[in-house]
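Subject: Structure handover

Hello,

I am passing this structure on to you, with notes on what turned up in it. Please look at it first and then read on.

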Amino acid sequence: MGRKKIKSVSYAKYGYIFSIPFVLAFLVFTAYPIFYTAIIGFTDLKGLGKTDFMIMDNPFQNFQQILKTPSFQKSLINTVIIWTCNFIPQLLLALLLTAWFTNQRQKIKGQGAFKVLFYMPNIITAATIAILFNVLFGYPMGPINDLFKLLGLADKPINFLINKWTARGIVSFIQFWMWYGQTMIVLIAGVLGINPTLFEAAEIDGATSRQVFFYITLPSLRTIMLFTLVTSLIGGMQMFDIPKLFLNGGPDNSTLTVSVFIFNQAFSGSYMYNRASAASMIMFLIIAVLSAILFYILRDKDAAKMKKELKKIKKAQKAAARGAGA
Amino acid sequence: MKKTLKHEPIAGRTITRVIKYIVCITLAILSIMPFWIMLMNATRNTYEIQQSSISLVPSSYLLNNFKVFEGKSFNPLVGFKNSFIIAAGSTLLNVYFSSLTAYALVVYHWKLRQPFFTFIMAVLMVPAQVSSIGFYQFMYRIGWTNSFLPLVLPAMAAPAVVFFMRQYLLGALSIDIVNSARIDGANEFYTFNRIVLPIMKPAIATQAIFSFVGSWNNLFMPLILLTDKKNYTMPIMVSLLRGDIYRTEFGAVYLGLSLTVLPLFIVYFALSKYIIAGVALGSMKE
Amino acid sequence: MKRILALVLTLAMVFTLALGFTGCGKEEQPSAPGGTSAPAQPGDGGSKPQDTSTPAPSVSDDPNVKVLNLWSFTDEVPKMMEKFKELYKEKHGQDFPYEIKETIIATTEGAYQPALDQALASGGADAPDIYCAEAAFVLKYTQGDAAHFAAAYKDLGIDVDKLLAEAEIAQYTVDIGTRGDGKLVGLGYQATGGAYIYRRSIAKDVWGTDDPAVIKTKIGPGWDKFFEAAEALKAKGYAIVSGDGDVWQAVRGSAEKGWIVDGKLNIDPNYEQFLDFSKKLKDNDYFNDTTDWSDSWFADMKDAGAKKVFGFFGPAWLINYVMAGNSGGEKPGEGTYGDWAICEPPVGFFWGGTWIIANKDTKIPKTVGEIVEWITLDSSETGLQYYWANGTLFGPGGTKDTVASGTVMKKSDGTLDFLGGQDMFEVFVPAGEFASGKAMTQYDETINSLFRNQVGEYKNGNKTKEQAIADFKQNVADNLDIIVE
């Protein structure tokens, strides 16, 4: 009475084969620079054009120094604040628009055009946007100031870019505005991946649009949502181009994000690559921890349960085999 | 199959409709605004722009600004060609190999699968600026300057795209499809190329757009690596226009920027069909 | 990764030491005299050894080399080569024998320097033979970390001492171009000594005359007089400057010592004064509180601001390339065109400029030397500077500009309609002597920027002076490798 052996192992090698191009390209083009960076965090490499460096006596000196630096601490706080103010509205709006645009029942006319338009801010380079917004909020004369005067909201021109909170708010807004279209598109692509039979079944059962969205669309979007959350988290923590170009971290370091801080360590004259690398590694750790948390929260509970069941079965099989053999 | 359901009052629905339209139109205007400004500025001259950076109406210097191009040996056609080669090349490699890798992560059960995925995620989290120094120094050392290769090849290793494709496959691909293909005698490559890839069209289209835009707008790495005039991409040429501190021809700069964005629109429109149309999934054989 | 990578890198290495210019951002250019640079430099300030060597007697070109590599960040110098080739043919009777390979990389994304540094370090056939450096980062290439790539002008066969005297080159450009070992490695062709550019009509209204000789005694010398003038202008409803950035350019140039002394951060009393000036300007409403290079600042050039502005600080290029176009007119009578004049500023300063440097490993030193000499030290009527000053490089009627050679300016015609017929060289020649390059450091761009940020906070009343200075010190310590006490 032989048991049928389930042949699933033979395909495993394709897993390796298919991954080879990625791995190769990665090792050559990304791994080396990153590795180099990690090592530098422990050395004293700084200054222009130097290529030799030594590991420092206290290998963690750079790390300690960075953690103590007030600008770094500020940058962490700023990054969190700006990211939160940017991401939450962005995700909500993107979800809302996704719901509207994938609503089978109430088709919005011109959906196609809208989707295209909403993505547009993502196409312009950050430099251009930074200039435009800088000009919009010009002081003492500028379009927004003029608007305020017109609407009677202020009698003297307001310097938006000098106040810490408005500056942060504007940076958050710019980030929001640049990315909401893209998030929306990603979510819509995800929705298009949901099996339409689910939707048909729901309609037959008489569900309202809202019910469909909350009980079918959202849960099925879990995998894509995880992607959005994680990449936004990572992208947000690494927010660089707008804070750098718009106000260069000002006023008074209130829009200084961690990436800008790192950049300044490396490129504002002293080329302190070692400190920049150490700060990058610290940031990496923080992001890793946060992502791990996200992964855990959004893990596919059913799949996890299944894995557990499979493990139990395997254990039982083994025990039975041993028992039978004994 | 549109049934009007009794428990949704018509008045409520109309109000919702109107709100939706208002919101969408407002957002649309907000999104279009910078482009409009850019286009308008492309028709103005430097001094007009310095006086008032934003204008909603065009001026008459468009041809003038084109002439500035000639004066500065700015050849948009060359720029387009180079940008296109790099962007298209990197997008194709990016999308194809990321899908391939994601497929490997989802469909096959192999020992290193989970660690490999974690590893990819880890790579994603390292801030980009710092690794780029090492990268371009490395390129200089192996003599790959003034070649498009360092700008195209690294696209094969794109963790974020792999991540996205993987998530998408997890949600959209049923292993039964693969199994039925295997039963039909298809080999793995055939299955991937002919059966799975079409299923991934929305994901591919989405990532293709992002990848193309990203590569097209990428300024820094090409700027450092491509020093020969005939290899310049559009963003490089536009940045050259801004070189003279006190003699920058802003009108021409905006014109250059507008020209740079134009092809992106075209590509976007071409690919957005896939997202809008909603490719029918569930090619399950029932 | 691709999207983040691409977007972040798109403008990643923005503004390293290069011009931090994006059209509407603040423009910071270190000017200050002298050579106190990175801690590793020998000597402080002006105490460099004298170069008493003689120029290399026989310099020759390698006959196998056919290409001359020219690196620049604008097309200004490459375009000059057209004229040079013409003159070469006339002088030598044969065509210019080399193919000029130009590499132009803009500084706006901070990419020029990394590429140039890489090319210099890699050496070989693609290394630059001649390269340009802007005022914002020239110190690095003449005295700082990249100075060892530069060739001494004398080694190119240029008779430096004789020509310097003949051409009466502005001292500050020589100071900046002289390396720590005393050798001259770089010179600028354009002089960017600054003047005070003021409105004739307003001068007449307040003091009854628009004569530069008189006005210069009203606004200076020295800042006390300047503020007295500010008060007089205010009484009649005028602002003396547009924003505090204008005053900053002049203050920058008048520090005795630079930001770094003996490897430590040093706040020169002149810089500290600027904190007070800024506040004074704001509290007394002497200005329109604009930010330089913003729309409002440009608007003040044609009287479109809250108050009419009396004057701006700047070198010739500010007049010809910025103000003329923004004056609201193209000939006298239109807008503010023609209603301007210049006089010496309360303190001397310079702002901007391009230095020409040659590679010490060049295989064609004779020709390179000829080119460099033609651009920087030739004060004859066929020298570059003569064409440049008179605006005749590409034919008649071009824009005039001030040049490094006092001799050339004295024999050129610098009258401008924009200045109501005044000859700008009359003021800029002495202004060039006024300016000093002694208090510059490699880090000026960053430190200046950090400083101005804090000044802004104090000016707007957000911080006390002590707090602003303390925060400034902290920021410098955080971002740069300088000892801060």
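Strand E12 (residues 354–358) of chain C runs antiparallel to E4(C), and 3 bridges link the two. Two strands count as paired if DSSP finds at least two bridges between them. Strands (E, at least two residues) and helices (H or I, at least four) are DSSP runs, numbered from the N terminus.

Before going further, some housekeeping. Residues are numbered from 1 along each chain as its sequence is written, while chains are lettered from A and ligands numbered from 1 in the order in which they are written. The model is predicted, and local features need pLDDT of at least 70, side-chain atom pairs count only at pLDDT 80 or more, and totals for chains, interfaces and linings use all residues.

The sheet in chain C

The pair above belongs to an open sheet of 5 strands in chain C, with the order E2-E1-E3-E12-E4 and mixed pairing. Its edge strands are strand E2 (99–104) and strand E4 (186–188) of chain C, each of which pairs on one side only. From one strand to the next the twist averages 20 degrees. Helix H2 (residues 76–92) of chain C packs on this sheet and touches strand E1 (67–72), E2, strand E3 (130–134) and E12 of chain C. The direction of H2 makes about 140 degrees with that of E1(C). Such angles run from 0 to 180 degrees between N-to-C directions, with axes fitted as lines to C-alpha atoms, for helices over the stretch in contact. Contact means that the C-beta atoms of two residues, placed from the backbone, lie within 7 Å.

Chain C as a whole

Chain C has 19 helices and 12 strands. Among contacts in chain C with a separation of 6 or more, 77% join residues 24 or more positions apart.

The chain is divided into domain 1 (67–191 + 351–410) and domain 2 (195–350 + 415–434), with bounds from an automatic or database domain assignment. Their C-alpha centres lie 30 Å apart. Where they meet, 14 residues of domain 1 of chain C are in contact with 15 residues of domain 2 of chain C.

Chain A

Chain A comes to 14 helices and 0 strands. Its radius of gyration is 26 Å, whereas a compact globule of 326 residues would have one near 20 Å; the radius is taken over C-alpha atoms, and the globule rule is 2.2 Å times the number of residues to the power 0.38. The C-alpha trace of chain A spans about 90 × 65 × 30 Å along its principal axes. Buried residues make up 47% of chain A.

Chains A and B

The contact between these chains takes 78 residues from chain A and 75 residues from chain B. On the chain B side, helix H1 (10–42) of chain B gives the largest share, 13 residues.

Regards

Technical notes
A residue is buried if 20 or more other C-beta atoms lie within 10 Å of its own, exposed if 12 or fewer, and partly exposed in between; C-beta atoms are placed from the backbone.
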